[in-house]
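Please look through the structure below before reading the numbered points. Each point takes up one part of it.

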Amino acid sequence: MILRIYPYLVMNGNGQEAVKFYENALDAKVVGVQTFGDMPETPEFSIPAEAKDRVLNAHLKIGNNDLMLSDTFPDQPYQIGSQVTVSITIDNVEKSEEVFGKLKEGGQVNMPLQETFWSPSYGQVTDKFGVTWQISTQVADNK
């Protein structure tokens, strides 16, 4: 089942500034901000110093609505006009795979569905209409 859908803004290194701007301009409550420096480092991938303060994920609450944003990773392509994506949170991996598969028909996979440290199944796809979707799975915690 799809749990929620919300806009996701992508910044080009000024995500911290954007969080403060939207907090003020939209009377938003900052629920949380993670930086690339907060990511667990692995032997295969270390975070460069210039990326550590960039926003990996920020969650703002505006009334009953959610707004998410992040920065690009340094040297990642960034094009004005493509900085707004749509994020979908789904409650199980099988449904995430189904939705991802349907959205990729005639489109392009930007990041295949894969396990991340925040989701058992996360991926990005641009559909045949040029809309970029972020599919994230959030399973209930049975603890």
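1. Which strands each supply at least two residues of the lining of the largest pocket? They are β1 (2–11), β3 (55–62), β4 (65–71), β5 (84–90), β6 (108–114), β7 (122–126) and β8 (132–137). Keep in mind that this is a predicted model.

2. The largest pocket has a volume of about 1400 Å³. Its lining is made of 47 residues, and those closest to the centre are Tyr8, Ser70, Tyr122, Gln124 and Gln134. Sorted by class, the lining holds 24 polar, 19 nonpolar and 4 charged residues.

3. Apart from neighbours within four places in sequence, Asn110 is in contact with Gln124, Val125, Thr126 and Thr132. Between Asn110 and Tyr8 there are 15 Å in space, C-alpha to C-alpha, and the two are 102 residues apart in sequence.

4. Helix α1 covers residues 15–25, and Gly15, Ala18 and Val19 are buried in it. Why do these residues lie on the same side of α1? Because they cover an arc of only 105° around the axis. The buried residues of α1 pack against β1, β2 (29–35), β3 and β4.

5. The face of α1 turned away from its buried side should be read together with the previous point. That face carries the exposed residues Glu17, Lys20, Phe21 and Asn24. Just after α1 comes Asp27, which takes a positive phi of about 50°.

6. How many salt bridges does the count come to? The count is 3. One of the salt bridges joins the side chains of Lys61 and Asp66, with N to O at 3.1 Å.

7. Glu98 forms a salt bridge with Lys95, and their closest N and O atoms are 3.3 Å apart. An α-helix has 3.6 residues a turn, so residues three or four places apart point the same way.

8. Taken together, Lys95, Glu98 and Lys102 are linked in a network of salt bridges. Which of the classes, buried, partly exposed or exposed, does Lys102 belong to? Lys102 is exposed, with a relative accessible area of 54%. Glu98 is partly exposed at 35%, and Lys95 is partly exposed at 25%.

Terms used:
Residues numbered from 1 in each chain as written. Predicted model: local features only at pLDDT ≥ 70, side-chain atom pairs only at ≥ 80, totals over all residues. Heavy atoms only, no water. Salt bridge = Lys/Arg side-chain N within 4 Å of Asp/Glu carboxyl O. Buried < 20%, exposed > 50% of the residue type's maximum accessible area, 1.4 Å probe, protein only. 1 Å grid on protein atoms, 1.4 Å probe; cavity = no way out; pocket = protein on both sides within 12 Å on 5 of 7 lines; lining within 4 Å. Points joined across faces, edges and corners; volume = space filled by probe spheres on them. Helix = DSSP H or I, 4+ residues; strand = E, 2+ residues; numbered from the N terminus. Nonpolar A, V, L, I, M, F, W, Y, C, P; charged D, E, K, R; others polar. Arc of directions from axis to C-beta. Contact = heavy atoms within 4.5 Å.
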